[in-house]
Amino acid sequence: MENEYKSANRLDLTQADEATVREMIKRGASRREFLAWMMAAGATAGAAGAIFGSTKQAIAATPKKGGRLVMAIEAHSPGDTLDPAAFKSNIDYFRGRMFYGSLVRLQDDLSYQPELAEEISTNDNATEWTFKLRKGVEFHNGKTMTADDVLYSMNRHVGPDSASTGATLFSMVDRWEKVNDYEVRAILSSPNADFAIALGTFQFKIIPDGWTDFANPVGTGPYTVKEFKPGVRCVGARFDNYWEDGGHLDELEHFAIPDPVARLNALLSGEIDAMANVDPRTIGKIESTDGVGIWALQSGAFMGIAARRDLPVSNNTDLIRTIQYLMDRERIVKGVLKGQGTLGNDQPIGPAYPDHCAEIPQRMLDPDKAKFHFDKSGVGNTAVPIVVADVTPGAVDQALFLQREAQKIGMNIDVQKVSTDGYWSSVWKVAPFCATQWNMRPTANIMMSVAFASTAKWNESYWKNEQFDKLLVDVLAVTDPVQRKQMYCDMQTLIHETGGSIFPAHTNYIDGAADHVKGRTHVPLNNFGGCESPPFLWRDDA
């Protein structure tokens, strides 16, 4: 949201309240209705009136063309890519939205709406999905988008030989068919009620038929590639023939400042216009500085430590359980995250998901249980290496807290801090134990499919469970809510009890932005409004 919430924050409005404020005004709530709701929440008439006016003004503001914005995230690497099928990091996702479009676009409530498709339909059991394509959409090279481009783009994610990082979400796709030049159909081998939502995730962008040159990519997005240097920076220039009203800036630059203090200072000094992953301990400093504010979203994102279950040093259930019981989850959420999160429970589906299983007992710091499992583990005095980096606020703190608790039971944890540069390509999924951070996905099934299915390319713990894999597919055909809930609870329990995940907290997305950054989105799947903001961002220096 824009910086109109500085005054709201002083009234201790939650982010859910802030979202309600925005939606009330979008729905056309009268000033009287709004004031009554705010005053019932404890606001004064004057404060409520000010919030109503500033919020309404922000929503109604007409985007201005021109200008330049610079957005800084926390990590980049030489492995950064503009190939959508290879996207795997936040920096890739944001750039993907700069340069490409998708068949569908995800909304703030995680529903979807057509984007490059203009009409979407399915049969009764969700095994056939038909997409009527928008006509007149132009690629950056002047080519008009047709069904052939969509088929080529989608088939890159299909089949056992696909190298796509999103291929797991297409595992049930038997084939894509061309109906005519502006209509395609996906034929699934099993029902998938989430299929259209999956198409709104980060990898499934549309590229021209046969295109393979991702050093010089071509898409349908609001910006064309002016400069791209992996591990350095990326600059997009406005595409004048963008199919919808968007791409308002002359240029949009995106790069990384790995050090969180340097990133904050760059925002406060005006060197950059927005920053990802604000350290919660610095929120007060940002909110007390004129001209900048917080851009925060409640989410089911999570942080933690991944243990590889395919290596002898880390495939030790009692050792993993020891670490889980040594995690001081309350200290992380209340102290490190400053309340900008919720307790994690060593499985990925937190309370932000409708399919969250609240029945699973919450693990807490328990030195006695930790000591019991440590003695059973047989590790003894052998050092347990945990590699960490500042990939998200609290990533390093969790390991240091863990190290101190471990000392109390005679356990030796070796915390190895490294740079965020290249972390996701050289440490993650490589080290036996390492810090991890995951963005929320639009459904519980998609989240578990990309990170926990046996065949998932991002299965960071290398955990494999046949019962889990079967449930993950079977549940997509289930319409009975009671049965569906039980199946999702069973999956979360399997991860909680047998997986290699130590997840102490679900984290909100906390970004910072200058007041002149307008057009922000609020999709709770990633930083910078779910990385959905590039088409809509504009600059207002008035």
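How many salt bridges does the structure hold? The structure holds 37, a salt bridge being a side-chain nitrogen of Lys or Arg within 4 Å of a carboxyl oxygen of Asp or Glu.

## Basis

This is a predicted model in which local features need pLDDT of at least 70 and side-chain atom pairs count only at pLDDT 80 or more, while totals for chains, interfaces and linings use all residues. Residues are numbered from 1 along each chain as its sequence is written, and side-chain values use heavy atoms, with hydrogens and water left out.

## Salt bridges

Glutamate 253 and arginine 233 pair through their side chains at 3.2 Å, N to O. Glutamate 253 lies in strand E10 (residues 251-256) and arginine 233 in strand E9 (residues 233-238), so the bridge ties together parts 20 residues apart in sequence. Strands (E, at least two residues) are DSSP runs numbered from the N terminus. Glutamate 253 is buried at 8% relative accessibility, whereas arginine 233 is partly exposed at 26%. Buried means under 20% relative accessible area, exposed over 50%, and partly exposed in between (1.4 Å probe, protein chains only).

Both residues belong to a network of salt bridges with shared partners, which also includes Glu227 and Lys229. The side chains of glutamate 227 and lysine 229 meet at 3.8 Å, N to O.

## Nonpolar cores

A nonpolar core is a set of buried Ala, Val, Leu, Ile, Met, Phe, Trp, Tyr and Cys residues joined through side-chain atoms within 4.5 Å. The largest has 155 residues, and Met411 is among those with the most contacts inside it. Strand E12 (residues 292-307) supplies its largest share, ten residues. A second, separate core of ten residues includes Met24 and Met38.

Note on methods:
Helix = DSSP H or I, 4+ residues; strand = E, 2+ residues; numbered from the N terminus.
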